[in-house]
Amino acid sequence: MLVAAFVTEYGDMALEQLDGEEASFERLHESVQSLPFLSAKKLVVLRDPGKQKKFAEQINDVLADIAETNDVIIVESKLDKRLTYYKTLKKQTDFREFAELDIKGLARWAKVYAEQQGGRLAPGDATLLIDRIGPNQEALQHEIDKLLAYDPMITPESIILLTELLPQSTVFELLDAAFNGNAKRAAQLYEEQRALKVEPLAITAMLAWQLHMLALVKAGGTRTADDIARAAKLSPFAVRKSQQVTRRLTVERLRRLIRDLVTLDTKLKTTAVDADAALQLFLLKI
């Protein structure tokens, strides 16, 4: 939102964005020092620059060298609060910490954002959009912008027409349908995966990840989704969705499913088995 507002006022030429994992320290440092070109101000967005040891160690110098004409946004996906880097940013900058929104919070944000852009997105349609593309807020903003350009009145039809299903999200829905005994829906979702050219071994790998996540969430017991997410280094959004499934799962059943998937994975990799039939049978057994 800050970037969009800046670009609206000063134009694209006034924006410089750098990936901290790809750009050198010298390039990052130079970007905050250099004056704007054909503009009164410049906005520099640095993503995860703290992953570079030199940048983190010299953060005081970097902050001191920012040109008066420049605004700088440092975006860190993860920060170790024990490090001097974190303490320096918190003390010397307009430090803001944003917790990951859950699906309801994202849906509310998406609705408001669409309205701010002069469009309309119903709460239920916002949830549909999140289910299709995942909970990444930046990606969600881009998709809403695209949908609004097509039609300011965003509908389920335009969402399905203009967005692509996120394979990982669909695999979770696939498992959820199987756990709920909805064989027809599970078969439909499996066919959607194959239509997206997701290979059986890739689906098996994603099923393994989902079962792994379910096991971690189940082991969390009565702990909150946020506590489990922090301990297991998972997305709170994914943990909450997993909790809806684990409430209906016993530990023994989960163990059995994991053992069966390991057996299936071995067969797919070592024998001439019909992969699609074997995977669909596994889902039916759930």
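Trainee: Let us begin with V239. Is V239 buried or exposed, and what is its relative accessible area?
Mentor: Buried means under 20% relative accessible area, exposed means over 50%, and partly exposed lies in between, with a 1.4 Å probe and protein chains only. V239 falls in the buried class, so look for a value under that limit. Its relative accessible area is 0%.

Trainee: What should I know about the model and its numbering?
Mentor: The model is predicted: local features need pLDDT of at least 70, side-chain atom pairs count only at pLDDT 80 or more, and totals for chains, interfaces and linings use all residues. Residues are numbered from 1 along each chain as its sequence is written, and side-chain values use heavy atoms, with hydrogens and water left out.

Trainee: Which residues does V239 touch, not counting residues up to four places away in sequence?
Mentor: Contact means heavy atoms within 4.5 Å. V239 lies in helix α14. Leaving out residues up to four places away in sequence, its partners are V217, A225, I228, A229 and L234.

Trainee: How many residues of helix α14 are buried?
Mentor: Helices are DSSP runs of H or I with at least four residues, strands are runs of E with at least two, and both are numbered from the N terminus. Helix α14 covers residues 236-246 and is largely enclosed by the rest of the structure. Its buried residues include P236, F237, K241 and Q243.

Trainee: Where is K233, and is it buried or exposed?
Mentor: K233 sits in the loop between α13 (225-232) and α14. Its phi is positive, about 60 degrees, although K233 is not a glycine. With a relative accessible area of 71%, K233 is exposed.

Trainee: What is the relative accessible area of L38?
Mentor: L38 lies in the loop between α2 (25-33) and β2 (42-47). L38 is not a glycine, yet its phi is positive, near 55 degrees. L38 is exposed, at 73%.

Trainee: What share of the protein chain is buried?
Mentor: The protein chain has 16 helices and three strands. Its C-alpha trace spans about 65 × 45 × 40 Å along the principal axes. Of the 286 residues, the buried share is 40%.

Trainee: At what angle do α12 and α16 pack?
Mentor: Axes are lines fitted to C-alpha atoms, for helices over the stretch in contact, and angles run from 0 to 180 degrees between N-to-C directions. Helix α12 (residues 200-219) and helix α16 (residues 275-285) have axes 10 Å apart. The angle is about 25 degrees.

Trainee: Which residues of α16 meet α12?
Mentor: The α12 side of the contact is P200, I203, T204, L207 and L211. By class, the contact has seven nonpolar, one polar and one charged residues. Here Ala, Val, Leu, Ile, Met, Phe, Trp, Tyr, Cys and Pro count as nonpolar, Asp, Glu, Lys and Arg as charged, and the others, Gly among them, as polar. The α16 residues are A275, D276, L279 and F282.

Trainee: How far apart are the axes of α6 and α8?
Mentor: Helix α6 (residues 103-116) and helix α8 (residues 137-150) pack at an angle of about 40 degrees. The residues of their contact divide into eight nonpolar, two polar and one charged. The axes are 11 Å apart.
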